[in-house]
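Hi there,

Here is the structure I promised to hand over. Have a look at it, and then read on for what turned up.

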Amino acid sequence: MTRVLSGIQPTGDLHLGNYLGAVRNWARMQHRTDAFFCVVDLHAVTVPKAPGEMRAVTLRLSQLLMAAGLDPETCTIFVQSHVPEHTECAWLMECTVSFGELSRMTQFKDKSDRHDFISAGLFTYPALQAADILLYDTDEVPVGADQRQHVEITRDIAERFNSRYGETFTVPKAVVPAAGARIMDLQRPTDKMSKSLDSPRGSVGLLDEPGAVNRKIKAAVTDSESEVRYDFEAKPGVSNLLSILGAATDRDPADLAGEYTRYGPLKADAAAAVIELLGPLQARFAELEADPAETSRLLQVGADKARAIAAATLARAKANIGLLEPLAQPFE
Ligand code: TYM
């Protein structure tokens, strides 16, 4: 069966971009693949966090993923820091990727422009992401378009490692959805929708109430023309609304454009489709939120399953490099 792995940072609640670009696809794929989904808390601490903040955010994001349809009985959901092989393997990845390759990562360039303190971890972030992926012999990595470059560098790392030390890692490929791969900020439609942009009016949270969804989508920035056309270069705001409506209703955004002659009805339909999509998810989240102990139990089951696979792959990588094995593992 095809092995799938993807990850998401606990940096706040999910937004519509995460959902339409990635998580909804994960929920669909889990039924026909052997799927692993990882809440990447160690990636989130590449930018400083308040003590204790991560605990609640990680739990809540895990509940949101389950509410969004990831079923722990069908797929494996776990927290990155619960599987210590990720950080150990990341060192091997750091030694297989070059300074120049890491310097060319656009996510690093964007984030380092936005922060005063640029940690070494922010720079080596893609090496940890490569470890996340390669530890599971992953065939496919379902992500939004912004993560393509990180999957490409993971492929390069896997190929280089395999040619240096012999066949060790499966070389994975990115899987990006046709609609929803790049949902843009509603107020600044040339920037991707994200939580860190300080643009609460530009980003729709999965837990936003219907009134807020309506307000934000109706206030979305468009342009001074009135023609509805799917053309991200010339009409980013309108195209983003078509993308949202298309992804939410499983329609082709370019086809949808032909059905509208004014912006108002397009906004109204996009808002209604998003509200309909989020309703059941919000109801499930309320149930899960009421039982954090059960979420922790499910995450433990996920980590145990993940660790068995990760440990075997890491052992293979170390053996292929030819590190001297200890006589016994001290704590096992
Ligand atoms: P993150 O946490 O930023 O985003 C999680 C997923 O959501 C997608 N996404 C979007 N898709 C469409 N439109 C948007 N505006 C939008 N914003 C986010 C992302 O493409 C992603 O699929 N580095 C990764 C996390 C990661 C990872 C991994 C991913 C760590 N290890 C291993 C895959 C495999 C990240 O920061 O995603």
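The mean positions of the 35 positive and 45 negative charges of the protein chain lie 3 Å apart. Lys and Arg count as positive and Asp and Glu as negative, with His and the chain ends not counted; each charge is placed at NZ of Lys, CZ of Arg, CG of Asp or CD of Glu.

A word on the source: this is a predicted model, in which local features need pLDDT of at least 70 and side-chain atom pairs count only at pLDDT 80 or more, while totals for chains, interfaces and linings use all residues. Residues are numbered from 1 along each chain as its sequence is written, and side-chain values use heavy atoms, leaving out hydrogens and water.

On overall shape, the C-alpha trace of the protein chain spans about 70 × 45 × 40 Å along its principal axes. Of its 332 residues, 50% count as buried, meaning under 20% relative accessible area (1.4 Å probe, protein chains only).

The protein chain has 13 helices and 5 strands, which are DSSP runs numbered from the N terminus (helices H or I, at least four residues; strands E, at least two). Strand β1 (residues 3-8) runs parallel to β2, and 6 bridges join them; strands pair if DSSP finds at least two bridges between them. Ser 6 has Phe 37 in β2 as its bridge partner. Strand β2 (residues 34-39) is largely enclosed by the rest of the structure, because 5 of its 6 residues are buried.

Enjoy exploring!
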